[in-house]
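Have the structure open and follow along.

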Amino acid sequence: MARTELASLQARLAQDQKAVAELSRSMVAPTEMVQLLERLLARHPGVRLLGMRSLASEPWAGTKPGTDPGASSTDSAAAAAGAAAPPAGASVQRNGLYRHGVELELEGGWHALRAYLADIERSPRRLQWGQLQLSSQEHPTTRMKISLHTLSLEAAWLQL
């Protein structure tokens, strides 16, 4: 009985490790994140970068689909692969993934900002969306603050 359970758990661990590795490969590497965002920004002359700052790296425990309003399809894929959210107050790293983030402050017309976001969304290397704040003081200029995140197996993160 114990050997059967151990074999089952080892198979599940191998399956989960494979899913975590696949998820990590589908994301933008933390070291490439800023360059990707800058390359995409260069394609949108109507968008001006006002500021960029790195967010603290943190262990990522995954989320259950439907529990995080800011969850991306990447979150759902990881949750489906067995990365369940930890109990409230727990900070245990279970899946070996770390979340690395950048906060951008941008300015431009609504259509230019929207096109930039669509370009990020179409990127073959995925990013997770965080908070998005829009403000407009004087038409047609809009300010946008957005946090974008990537996942990796590495805890280290480039500080801007």
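Start with aspartate 119, which forms a salt bridge with arginine 122, the closest N and O atoms being 3.6 Å apart (a salt bridge here is a side-chain nitrogen of Lys or Arg within 4 Å of a carboxyl oxygen of Asp or Glu). Both residues sit in helix H4, 3 residues apart, or about one turn of the helix. (Helices, H or I with at least four residues, and strands, E with at least two, are DSSP runs numbered from the N terminus.) An α-helix has 3.6 residues a turn, so residues three or four places apart point the same way. Even so, aspartate 119 counts as buried at 8% relative accessibility, whereas arginine 122 is exposed at 59%. Buried means under 20% relative accessible area, exposed over 50%, and partly exposed in between, with a 1.4 Å probe and protein chains only.

Before going on, a word on what you're looking at. This is a predicted model, where local features need pLDDT of at least 70, side-chain atom pairs count only at pLDDT 80 or more, and totals for chains, interfaces and linings use all residues. Residues are numbered from 1 along each chain as its sequence is written, and side-chain values use heavy atoms, with hydrogens and water left out.

The structure holds 9 salt bridges, and one of them joins the side chains of arginine 48 and glutamate 107 (2.6 Å, N to O). Arginine 48 lies in strand S1 (residues 47-60) and glutamate 107 in strand S2, so the pair ties together parts that are 59 residues apart in sequence. Arginine 48 is partly exposed at 48%, but glutamate 107 is buried at 16%. Another bridge pairs arginine 99 with glutamate 58, at 3.4 Å between the closest N and O atoms. Here too the link is between S2, with arginine 99, and S1, with glutamate 58, 41 residues apart.

Glutamate 105 is also in S2 (residues 97-109).

Over residues 64-93 the pLDDT is below 50. Where pLDDT is low, the predicted coordinates should not be read in detail.

Methods:
pLDDT is the predictor's confidence in each residue, from 0 to 100. Contact means heavy atoms within 4.5 Å.
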